[in-house]
Amino acid sequence: MESLLQRLPEGPLDIIGDVHGEYDALCALLTRLGCRLDSLEPARPLVFVGDLCDRGPDSVRVVQLVASLVRQGRAYCVLGNHEFNLMRLRRKEGNGWSGLFEHEDGFQDPAESGAGVLLRHPFRSCRASSDEISDILDFFGTIPLALEREELRVVHAQWSNPEIEQLRAQREVLRFDAAAMEDLGRRLGGLLDEEREELRAVSLSDPSRCPSMHALRAHVECERARELASPVRVALCGREDVVTGEPFFAGGKWRVMGRTAWWESYEEQPAVVVGHYWRERHTAAELAAGFDAPPDGWPRTLPGQWQGPRRNVFCVDFSVGKRYLERHRGVKGAFRGALAALRWPERELVFDAP
């Protein structure tokens, strides 16, 4: 790879949000965008914001389809944190489809945790063969972390110039991140041993039992240090800070760090398009009725609203990755989570279904 930061092509683009293994939704969206699926000919170049895989029913076919488009020069893609987890061989909720881990991959429905009974349900995901996952990991290794041109930037979670500039001279994301983490490990020293002892005594995966911040003192300090250590993590996950109050449960574990609203201080001219933040398609009536702010998500707004002082930061992730939970709860269609594309420069939104 020439660099972890690469150029976007000129001209109109269709920028597609986090797919999370929802192959049917991807095919439906591509069709609505004018793509001929039989010959993989999109009406205009496609840009994927990462998180192609995990949780959904067929991550294998999603990645294979996107890889074919990229290799033919008809699409571009940036790395997401879910791809990066697999590259690092990190077991996470929803990535058991890869066959890389010897564990039962399942999820907990927060609505079922109130009775004190911990229930886990298997993800209904097609499993990759050894050859398929090998090819998939090879493809992930060719994906940059960010894409740019004069008026437009694409990254999975956050565009922060100090970290982005460090990517220009880097070609291998795993080696770059590993060096940063090794240096951090030397600086943390015995605090890492304290963290391991804490996590042996406290379950972060039980949604019915919230651990106290006091019981996770070393874990909080290590997480804070990791947050500052690697430019890769900023691009993939966005800046985070220690939560106020108690931990919150998300993505299968209790978290002591919450995402920051970096877009509120982004004042540069180029527009930035991201995924990652699990927004929803709220209606004006729903917003008027009032909602509590999510603990670490995108602001609750109408779908087409942009953020930032210049109104030039947009999240194109509309939570199609939560359909596994909707299906578990009996939803057959008319899902709330959607797969979206942002047409640039028109700033028009297209969804996989009306």
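Mentor: Let's begin with the core and then turn to the helices.

This is a predicted model, in which local features need pLDDT of at least 70, side-chain atom pairs count only at pLDDT 80 or more, and totals for chains, interfaces and linings use all residues. Residues are numbered from 1 along each chain as its sequence is written, and side-chain values use heavy atoms, with hydrogens and water left out.

A nonpolar core here is a set of buried Ala, Val, Leu, Ile, Met, Phe, Trp, Tyr and Cys residues joined through side-chain atoms within 4.5 Å. Buried means under 20% relative accessible area, exposed over 50%, and partly exposed in between, with a 1.4 Å probe and protein chains only. The largest such core has 63 residues, and Ile-16, Leu-26, Phe-48, Leu-52, Leu-79, Phe-140 and Leu-145 have the most contacts inside it. Helix 2 (residues 59-71) gives the most to this core, seven residues; helices (H or I, at least four residues) and strands (E, at least two) are DSSP runs numbered from the N terminus. There is also a second, separate core of 20 residues, with Leu-13, Leu-147, Ala-271 and Val-273 among them. In soluble globular proteins, nonpolar side chains tend to be buried together.

Take Leu-145 as an example. Contact means heavy atoms within 4.5 Å. Beyond its neighbours within four places in sequence, Leu-145 touches residues including Leu-4, Val-78, Leu-79, Val-154, Leu-167, Val-232 and Leu-236.

Now back to helix 2. Helix 1 (residues 23-32) packs on helix 2 at an angle of about 35 degrees, their axes 8 Å apart; axes are lines fitted to C-alpha atoms, for helices over the stretch in contact, and angles run from 0 to 180 degrees between N-to-C directions. Tyr-23, Leu-26 and Leu-30 of helix 1 meet Arg-61, Val-62, Leu-65 and Val-66 of helix 2. By class, this contact has six nonpolar, no polar and one charged residues, where Ala, Val, Leu, Ile, Met, Phe, Trp, Tyr, Cys and Pro count as nonpolar, Asp, Glu, Lys and Arg as charged, and the others, Gly among them, as polar.

Helix 4 (residues 130-140) has Ile-133, Ile-136, Phe-139 and Phe-140 as its buried residues. Seen down the axis of helix 4, these fall within an arc of 120 degrees, so they line one face of the helix; the arc is that of the directions from the helix axis to the C-beta atoms. They pack against helix 2 and helix 3 (81-87). The face turned away from that buried side carries the exposed Ser-130, Asp-131 and Asp-138.
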